[in-house]
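Student: I would like to go through the terms used for this model. Please set each value against its definition.

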Amino acid sequence: MPPVTTRLGGGERAGQAGGAGGAGRAARRPGRRLWWAGTVLLALAVHSNWHVALAAWLFPVFLLRYARQRPARRGLLRVGYALGLGQLVWLLSTGLVFVPSALGAFAVLALLQTLAFAADRLVAARTAAAAGTLVFPTVLVCGEYLFTRLVDFGDYGLLGFTQHGFLPLLQLASVTGVHGISFVVAWTASTAHWAWQRGFRRRAIRRGALVWAGVLAVVLGAGGVRLVFFPPTTKTVRVAGISAGRTAERTTERALRAGGLRLYQPRELVRAAPDRVRTALAPVADDLVAGTEREARAGARIVVWPETQAGVLAADERRLLGRVAAIARARHVYVDAAYALFVPQAPYVRNVAALVTPDGKVAWTYDKTHPTPMERMRPGKGNVPVAASPYGRLANVICYDADFPALMRQAADKGAALVMVPANDWPGFDALHAQRAVLRSVEYGYAMIRQSVHGVATAVDHQGRIRSTADYFTADRQTLVAQLPVQPRTETVYGAAGDVFALLCTVGTVLVLGLGVAGGRAVPLLRGGSGGSVRGARDGAPSGPGEAVGPDAPPGDVLPAEAPGDAPSGAALPGNVRPGEG
């Protein structure tokens, strides 16, 4: 019998092609929804003045799912794009988007964060075991740690800071630093995604879910025990943070403008007539001196000024400190007087804090170690000063310095019980910068008073409890008063051991990289394939038309056949993966 051939008309072929294209578009829609859900949640999660702490636990779930369901190169590029958008949202919300060094730093952070999703996509996807859930948090913490060590931008952008208000979880920082909190949040997300891959079927996820739940219960339980049964000492000291009032600030601003001077151009100030500059700067300094007297009379034993709100010419520094010393002697008070010191040598300004003791002496004059990218000044020597007092050992850093864990470790190593932090913020950066102080106190076991003009002043104990706040933008005269427990200082595991946990995650990342290379994962990725496992076991996309998903998918889960033209015939790559698949 002769063979029978059938010709398809153009309409029939178009119909088939249209049906295949429609199926492809339908298959892509869930991926787009996953990407948008993850990206929106990420924008809400970045640590800003208005972030949502819960979103930090959720956004990785959707981006992990998306990355598993798309071809590796395409999916990871889009995940990186989402992470970059998240960093851009943060930069816009804080006003740092116009600072080139900030743009570069957070581009690096987005890249490092993307590597964690790549590790999950290319390594963790190869196993159905619950142990695979550890890949994502391990690599994420390694990336965050490398960011803090290699990029001179403090430890901004770390996932753990989003949980500053979750006190039981926050206590983990006393053991692992903020990196441990990042790990718990990321591990929760990867475990949720792992369970989702298995349809949340009890028998398939029971063991892995129990391990995760047990660890989380131990972490939160231990944190609760620490808060309830090991509260701060009842020995407290009254501390006060003061800022000059709005009237004094406006008076100084008007006087400078009248003389054609700008406070942020120190060269102009040191070359202008000294009497004119002295008169213009006097209202703020006078207000701070008067505020010191007022709070000392009210019972404060330690008074802290804000960063650079006061300004003084080098020739007038001794006179200003003499006025403060007279109050310190008369009222038996310690005064941390911070000010901008205008000097005749370039770069014409120093950002300093001087501790005046009750005997009227200056214990130290500390120069800010880490000027921000916007501050044109010479950094200090990086030696955190510490002095003994009846209330415990006192230490001093300035504003941005507190965002560098290695510098803050010096205060712990020298036995500081209270760290004084003069600060100066701006709208969009005010609340988030204050919240970061909570983590530093828990990590190193000391109390902290952070007096921030143009921001939120905070007093925090060593367990992260906020004892008092004062918002510059809601008061004509910002004054912070608190009873802080400072003696004795609390020793912490993190203070003694340092970044051991982050280093272990770095070692774990090297092992993950080794597994990825040993499994030949780099070849499909570089050639645009899906990065599936050797037997085609990949999440969310088969190795061929109608093929089952593999070990991560529930039995019977089969994806639609690929549309014609998705891959050239016979072009399979190592691992049964076809170019352009998914």
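Student: What share of the 582 residues of the protein chain counts as buried, and what makes a residue buried?
Tutor: Of the 582 residues, 55% count as buried. Buried means under 20% relative accessible area, exposed over 50%, partly exposed in between (1.4 Å probe, protein chains only). This is a predicted model: local features need pLDDT of at least 70, side-chain atom pairs count only at pLDDT 80 or more, while totals for chains, interfaces and linings use all residues. Residues are numbered from 1 along each chain as its sequence is written, and side-chain values use heavy atoms, with hydrogens and water left out.

Student: How many helices and strands does the protein chain have, and what counts as one?
Tutor: The chain has 18 helices and 13 strands. Both are DSSP runs, numbered from the N terminus: helices are H or I with at least four residues, strands E with at least two.

Student: Why is H5 called oblique to H17?
Tutor: Helix H5 (residues 135–150) and helix H17 (residues 500–518) pack at about 120 degrees, with axes 8 Å apart. Angles run from 0 to 180 degrees between N-to-C directions, and axes are lines fitted to C-alpha atoms, for helices over the stretch in contact. Under 35 degrees is roughly parallel, over 145 roughly antiparallel, 65 to 115 roughly perpendicular, the rest oblique. So H5 is oblique to H17.

Student: Which residues of H5 make the contact?
Tutor: Among them are Val 135, Cys 142 and Tyr 145, and the H17 side includes Phe 501 and Val 512. Contact means heavy atoms within 4.5 Å.
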